[in-house]
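Morning, everyone. Here is the structure for today; please look at the sequence and the model before I start.

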Amino acid sequence: SNKALRHRLYKQYSTNFSLMKSVPGIDIQPDVPGSIACPICLCLLDESDLVDSQVITVDHVPPSSLGGRDADGVLLCSTCNHQLGSKVD
């Protein structure tokens, strides 16, 4: 399900993000444990944002309109995801 996918990706992203924050010289503020950043706008999102499916969304790569599957997704904030639509660079 989309909810399970969002939770699985969030766990993976938050682990990677915490590793990145531990690199000397990288200072991400505020430092919210277990948070992630939208890869487009860099806004911080925390686990409570998963409750509302309209805050953290799965962007299908390629877009679902072009055959993208749920397994081929990345997490974005809903604003960035909706702005991208079904565009392909």
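**A loop valine, then the rest**

At 30% relative accessibility, V32 counts as partly exposed. Here buried means under 20% relative accessible area, exposed means over 50%, and partly exposed lies in between, with a 1.4 Å probe and protein chains only. V32 sits in the loop between α1 and β1. Its contacts, leaving out residues up to four places away in sequence, are K21 and D46. Contact means heavy atoms within 4.5 Å. V32 and S18 are 14 residues apart in sequence, and their C-alpha atoms are 9.5 Å apart in space.

Some ground rules. This is a predicted model: local features need pLDDT of at least 70, side-chain atom pairs count only at pLDDT 80 or more, and totals for chains, interfaces and linings use all residues. Residues are numbered from 1 along each chain as its sequence is written, and side-chain values use heavy atoms, with hydrogens and water left out.

Now the fold. The protein chain has two helices and four strands. Their order along the sequence is α-β-β-β-β-α. Helices (H or I, at least four residues) and strands (E, at least two) are DSSP runs, numbered from the N terminus. Of the 89 residues in the protein chain, 31% count as buried. Take the contacts in the protein chain with a separation of 6 or more: residues 24 or more positions apart account for 41% of them.

Next, the core. Which residues touch the most other members of the largest nonpolar core? Y10, I36, I56 and L75 do, in a core of 14 residues. α1 (2-21), β3 (56-60) and β4 (73-77) each supply at least two residues of this core. The largest share, four residues, comes from α1. By nonpolar core I mean a set of buried Ala, Val, Leu, Ile, Met, Phe, Trp, Tyr and Cys residues joined through side-chain atoms within 4.5 Å. Take L75. Beyond four places in sequence, L75 touches R6, L9, Y10, Y13, I36, P39, I56, T57 and V58.

Cysteines. C38 is buried, at a relative accessible area of 1%. C43 is partly exposed, with a relative accessible area of 28%.

Areas come from the Shrake-Rupley method with a 1.4 Å probe; for residues, only the protein chains shown count as cover. M20, V23 and I26 make a nonpolar surface patch of about 220 Å². V23 lies in the loop between α1 and β1 (36-37). It counts as partly exposed, at 39% relative accessibility. Patch residues have over 30% relative accessible area and no salt bridge; like charges are joined within 9 Å, nonpolar side chains (Val, Leu, Ile, Met, Phe, Trp, Tyr) within 5 Å. A salt bridge is a side-chain nitrogen of Lys or Arg within 4 Å of a carboxyl oxygen of Asp or Glu.

Last, a backbone angle. L42 has phi near 65°, a positive value in a residue other than glycine. L42 is in the loop between β1 and β2 (44-45). At 61% relative accessibility, L42 counts as exposed.
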